[in-house]
Structure formats: structure tokens, C-alpha cells
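Biologist: Could you take me through this model, please? I would like to begin with its helices.

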Amino acid sequence: MKYIYGPIKSRRLGLSLGLSLSPDKICNLDCIYCQWGSVGKTFAERKKYASADKIISELKSWIQNNPQEFKELKFVTLSGLGEPTLNTCIGELIDQVKALTGCRIAVITNSALLGDPLVRKGILKADLIVPSLDAVDPRIFKQIDRPDAAVKLNEIIDGLIALRKEFHGKIWLEIMLVAGINDDFGHIEKLKNVIQRINPDKIQLNSPVRSTAEKNVFAVERGRLEKIKEVLGDKAEIV
Ligand code: SF4
């Protein structure tokens, strides 16, 4: 299968099936902690990296071959190899997946395109959006997420604030914390101020545990994660 992965059972979502919106890693960031490795370049252009029809036809055959798992499915998650909002057919795909499966839809995004009203409009029919925000300091953002030149941190933050106003589902903001890069308490305080303006339903703190795009990317130790969680308040959880 080219576009389908899983299903995966998680505490957060129950049984969820993943859909990738591109056959290869297509992303406008090149995060140092990326589990897919680095492809050495970033992609800024939005286009049909895979058609909704192709993805839906693969999904139909998965449903046919896995009737029992399909019955238990709680979520279909749009994420996969790279950034799903780079694919211009994401809105159409959400409609078609909902009609076909009746499942709830989660979109996992790196937030890089959320400053674009058209991108936000495309994902409004999802039930859950899990956007990332690893840094609010441009220097740290460049260091950890290595964005394409077209990606602007201030547009990401404004986009997240706008998304909260426009989107009626749940927003779980994810922060990937890398030791020595974005886990300094001065930076965490700045993050906290921005997060208060975004007002997500949850703040999910993560730290790399698998192999990453770069060597020397280290997880934040548990005690420090707990302290960061405390600083960020009741909505924060370590996942
Ligand atoms: S946004 Fe996701 S897919 Fe893109 S480089 Fe970062 S971790 Fe990898």
C-alpha cells in the first residue's frame, strides 16, 4: 500500500488508520528529529502530490480486505510521509473519507501553512487537528525545524490563532522537545505566552525516542519534561 499505514492503536485516538497524502516524503520543514530522515530539500509548493481518487481507491480495498478492523476503527488520520496540507486535495479527501467510512478525521500538521486562509478552510471539516509548534523564537525555530525559505514563524503563530477561531473541533497542540535546543525555561515561558493566545484544548509534550534525521538529537529527560509540563499548566500532558 502506498498511501495507507497502520492501523495503529493508541491511548490518544483508539484504533486509527493513517493516510499519507504523498507517496514520498514531501515537507516544507526538515526537522532534525524527523523519523523519516532528511531528504536534503524542502518543498514549498502546494499541489496534488497524490489525487483524492487514488487514495480513496486504496482505502476502499483496505476496507474490503480488513472488515473486522474497519468495524473497530475510531479515527482516520491524515499525516504520513511529510506535510499533508501541501496536498491541495486535502479538503476533498476529508469529505470523501468521511462519506466512505463514517469515522472521525484527525489532521496532523506541522502548522507551516496555517497562515493561509485556504489551507485552514480545507481542514475545517476534520474533527481533531494536531498542529505542531516547536519554537516561538525564530533562531530556535530554524535550528530545530529547518524550514523552507517560504515558511515564516509569525505566519504560523497568526495562523494557529486564526484556526482556533474558525475551527470548532478539538486542537491538540504538539511540541517536540529536543534537549539543549528548545527546552530552555526562558524559551518555555515565551512558548507559554504564545500558547495562551492560541488557546488549544490540549498541549502535548513529546521528545524524540526513535532514530531521528540527525545524529546527536537527544530526548529531554523525564524530570525536566515534568517541570516543563508544570510551567505550561493544566492543559499540558506528556505523550
Ligand atoms: S514536519 Fe514532520 S515530516 Fe516534516 S520534517 Fe518535520 S517531522 Fe518530518
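Biologist: At what angle do the axes of helix 7 and helix 8 cross?

Modeller: This is a predicted model, in which local features need pLDDT of at least 70 and side-chain atom pairs count only at pLDDT 80 or more, while totals for chains, interfaces and linings use all residues. Residues are numbered from 1 along each chain as its sequence is written. The axes of helix 7 (residues 185-198) and helix 8 cross at roughly 35° and come within 10 Å. Helices (H or I, at least four residues) and strands (E, at least two) are DSSP runs, numbered from the N terminus. Axes are lines fitted to C-alpha atoms, for helices over the stretch in contact, and angles run from 0 to 180 degrees between N-to-C directions.

Biologist: Which residues of the two helices meet?

Modeller: F185, I188, K192 and I195 in helix 7 meet I228, V231 and L232 in helix 8. Contact requires C-beta atoms, placed from the backbone, to lie within 7 Å.

Biologist: Now the sheet: what is its strand order?

Modeller: The order is 1-2-3-4-5-6-7-8 in an open sheet of eight strands with mixed pairing. Two strands pair if DSSP finds at least two bridges between them.

Biologist: Which strands stand at the edges?

Modeller: Strand 1 (4-10) and strand 8 (236-238) do; each has a single partner strand, so one side of each lacks a neighbour in the sheet.

Biologist: How many bridges join strand 4 to strand 5?

Modeller: Four bridges join strand 4 (residues 104-109) to strand 5 (residues 128-131), and the two run parallel. T109 stands opposite P131 in strand 5.
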